[in-house]
Amino acid sequence: MNYTQQFQESMDEFKTFAENLKKGVENLASSGEVKLAQTEKELVYEDGKRKLYRYQARSKKICPVPMLIVYAMVNRYTMLDLQPDRSMIRNLLDQGQDVYLIDWGYADRMDRHLTMDDLINAFMDDCINYICEQHQIEAVNLLGVCQGGTFSAIYSALHPEKVKNLITMVAPIDFATNDSLLYVWGKAMDVDLLIDAYGIVPGDLMNQSFQMLQPFTLTFQKYLNMVDTMADSETLAAFLRMESWIFDSPDQPGEVLRQNAKDLFQENKLVKGEFEIGGQRVDLKQISMPVLCIYADYDTLVPPVSSKKLLEYVGTKDKQELSYPVGHVGMFVSGKTQSTLAPRISEWLNQRI
Amino acid sequence: MQDFFKQQAEWLKTWQEQQQNLTKQYAAWGEGLAQGAPGDFSQQVPGNFEELVKAQQELFEQFTGFGQQMQQNLQQLWGDKLPSELLRQFNFNLLQEFYKNWLGNMKFPGGMSNPFMPGQNWTDPASFLNDFMKNEHPFFSTFSNFNMADEVQKIFGMFGMLQGTKMPGGDLFSQLFTTYQGFFNQLANTGSSKGFDKLLETFNSWKEQSDKYLLAPQVGINRETAQDFSKIISLSLAYFESFAKMGKLIEETARKSGNRFQAKLVERSLNNEPPIKFTDFCNLWTKENEAVFLEVFGSEGFANTQADLASAGLRLKMQIDKLVEKMIDQTPIALKRDVDLAAGEIMQLKRDLRQSRKQQAVLAAECRIAQDAAAANEARFVQMEAALTKAQTLAENAEKTTREEVAASEKRFKQMEAALAKAQTLAENAEKTAKEEVAAGDKRFKQMEATLTKVQSLAEHAEKSAKDTVARPSTSVEAVAAAPKKTAATATKKTPAAAGQKTTKTTAQKASKTTAKKTATTTAKKASGTKKSSGSPTK
């Protein structure tokens, strides 16, 4: 390639870049409100900021055992219902699942003393009791995502009689690994000082830690690539939805974060059988119901080994793992993954109803 | 560098001396103020401070004005909500003017302006550093084309965020990152690789000197607050130190990643695959830089440095928070710790409420069970009541029947009694009759005996007569007369004896006796008859 050609190509690229940028800015200006989590749902139970939703059925044949989804507190559940064609919740509904979901809400100064015990033994338990009462059943199917998966495993160990089947998705269980930067940093951090100084730890601070996992990609390259795609309004809308989710980081209740960071990240008490909430020791061997452990092969937030170790510690013999060649977020937004994830979950559940 | 340290040491020494003197003088002055001494404050300022304390009156007026403004604001905000006695307690003047004056009247070496003077915001040491640099200290010569002041300004901008003045859309770590980048870019441009080393060295030395001052005993009426301020300065220096360490690490990493990127760029060019497009170039830049940074980020060293930096910032934040809370403690503004305490209590109440609800549910369930049991008992009670009524009716009927039966029985009993009495009477009568009959029988027997005796006598007489006769005519007539006489003798001897031995009360016995007697009588009669039939005379 001679210099003339190179120059010509560079000019073409610059022209395209400029055109995309112009069109993209126009699209941005007219994009309007970014809407997430559009699948219809009904608020059925609440305790202050924490809410329980039930999604409207999308199938005639409904699974007799309802499913409760427990998402993490560090981000919003809206990731599970990002947009109609990228919605794990919608896919589960299409498979005939009767889906309930816990929304932890946005913590504020009044949640300074909120504990894991309040979240798991109180609110989660209240929600499950509510569902059981409404459906006249003894136990529900529990699907915990990320930190919500850790909560779900803890709940299942403490209340096995109320969980028919347990599914964990990209859930951190064993923190001995250093395969994730978060695990490395979390172990060195003076958590007590952090909590004592902030009380409620700003979500932005947590979010910046996530950004530092890929500092150049997430702070530079991503926005550069955006120029190439923002000319297409649909692609731009998808990008904005994702951005909206990424930076929608609730502040973290201090005592919850303190126990999460110290007992789990730093001391790995859950798999050692030393973890306690509300004065009760959590023994993963008490998880006697069928367990499906789903993880992402390229997860940089929750390393696969941290997730799948759960199966080594549970008491049940009916246990299975399922993995996808994606990253942490890709598990929920990858079209390929989403096309098979919900059907496989439903199939696994239907065999155990 | 030697000059710098010498200069710094002199400055610190002067500063310390000034503070010690000022503390003593202001202690007395402050006490005067506290006692409400009127008049021109400038006249009360110790004269030996004239060289050090410049524009004292102006500063005082300035801070007094500030205090008055605060007082006015307080009055506007809370005047109608708080009692006037309480409002009078909030005097902003004293604290403000005391510290502002104290810090604002320092004399600095080398022609530097006082960072604590108005317009040189004393809470922002960046301007102070800027002054240092403007004086072209040898230390900063390494940053020949690097505006150190701007970078430090950013750091203190972050202090502002830590203090709660976070700007919309801004956050601590993104600012940190930007700052790192700024350092990196500038350092890379200048080709200096020792910037952070020197900065760190300087901060360490500065901190050592400062610690000596900061650890010196404080005196005066506001000793505690003075120490709080001192601690902030000390913690600021610790933060600088940590920041410099992090900066050094980032600088080294950036240099490595830059080298790697350049190497890859050359490698691709040599392989005839140069990144011609801008996007290709950026992708390569991102990929190669990120690989190096992630390797460092994953190291224990980075984790510890980052943790140290965060801890230093957090300690500083906590100290600033503490001081701010102290400053507003006397105002009606709710403090963070008050909110935290209230939140804790509310949370505990929520837990208690939930527990109570749980207990209530258990009790309600128990209540329902009890109500069901009560209903069942009620039903059983009704059944039992009906059964009882029935039983009572039956009992009453039975009682009635019994009474009737008893009455009938009594009647029958009386009848039987009467019958018995009658029977007894009859028996008695019969006995009496029997006795009478026996008596009559006896009498008759005796009569018969007498008669018999008479008869016997007659018989004997007859016999004798007969014998006499026979003796005269024949013996056959004597034989015939002898038979009845023997029978009568047997009856006379046996029958009356048996009746006399058995004295029975029953009628039958008596009757039997009577019969026996009758039999005897009859036998006797028969005997007598026989005798009669034989033709012998009975009378």
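For chain B, the mean pLDDT is 65, with 44% of the residues at 70 or more. Two stretches of chain B deserve a careful eye. Over residues 36–60 of chain B the pLDDT stays under 50, and the model gives that stretch 23 contacts beyond four places in sequence. Residues 106–112 of chain B are also below 50, with 17 contacts beyond near neighbours in sequence. Where pLDDT is low, the predicted coordinates should not be read in detail.

Let's begin with chain A and its sheet. Chain A has an open sheet of 8 strands with mixed pairing, and if you step across it the order is β1-β2-β6-β3-β7-β8-β13-β14. At the edges sit β1 (41–47) and β14 (319–324) of chain A, each of which pairs on one side only. From one strand to the next, the twist averages 20 degrees. Helix α15 (residues 335–350) of chain A packs on this sheet, where it touches β7, β8, β13 and β14 of chain A. The direction of α15(A) makes about 175 degrees with that of β14(A).

Zoom in on one pair of strands. Strands β8 (residues 163–169) and β13 (residues 291–296) of chain A run parallel and are joined by 4 bridges.

Follow chain A out of β7 and you come to A:C146, in the loop between β7 and α4 (147–158) of chain A. A:C146 isn't a glycine, yet its phi is positive, at about 55 degrees. Is A:C146 buried or exposed? There are 26 other C-beta atoms within 10 Å of A:C146, so it counts as buried. A:N268 is another non-glycine residue with a positive phi, here about 50 degrees. You'll find A:N268 in the loop between α10 (254–266) and α11 (269–272) of chain A. With 19 other C-beta atoms within 10 Å, A:N268 is partly exposed, because being buried takes 20 or more.

Helix α4(A) packs against α3 (residues 116–135) of chain A at an angle of about 75 degrees, with the axes 10 Å apart. That angle makes the two helices, α3(A) and α4(A), roughly perpendicular. From α3(A) come A:L119, A:I120, A:N121 and A:M124, and they meet A:F151, A:I154, A:Y155 and A:L158 in α4(A). By class, this contact of α3(A) with α4(A) has 7 nonpolar residues, 1 polar and no charged ones.

Chain B is built from helices: 15 of them, and 0 strands. Of its 539 residues, 20% count as buried. Take the contacts in chain B between residues at least 6 apart in sequence, and 70% of them join residues at least 24 apart.

So where do the chains meet? Contact between the chains involves 33 residues of chain B and 32 residues of chain A. On the chain B side, the elements that give two or more residues are α8 (172–190), α11 (278–297), α12 (300–328) and α13 (336–470). Helix α12(B) gives the largest share of that side, 10 residues. The chain B side that touches chain A has 17 nonpolar, 9 polar and 7 charged residues.

One residue to look at in α12 of chain B is B:L314. B:L314 counts as buried, with 22 C-beta neighbours inside 10 Å. Within chain B, B:L314 and B:Y239 are 75 residues apart in sequence, and their C-alpha atoms are 9.2 Å apart.

Helix α11(B) packs with α8 (residues 215–229) of chain A at an angle of about 170 degrees, their axes 9 Å apart. The pair, α8(A) and α11(B), is therefore roughly antiparallel. Residues of α8(A) including A:F216, A:F220 and A:L224 meet residues of α11(B), among them B:C282, B:T286 and B:F293. The residues of this contact of α8(A) with α11(B) divide into 6 nonpolar, 5 polar and 1 charged.

Conventions
Residues numbered from 1 in each chain as written. Chains lettered and ligands numbered in written order. Predicted model: local features only at pLDDT ≥ 70, side-chain atom pairs only at ≥ 80, totals over all residues. Contact = placed C-beta atoms within 7 Å. Nonpolar A, V, L, I, M, F, W, Y, C, P; charged D, E, K, R; others polar. pLDDT = per-residue confidence, 0-100. Axes fitted to C-alpha atoms, helices over the stretch in contact; angles between N-to-C directions. Parallel < 35°, antiparallel > 145°, perpendicular 65-115°, else oblique. Pairing = 2+ DSSP bridges. Buried ≥ 20, exposed ≤ 12 C-beta atoms within 10 Å, placed from the backbone.
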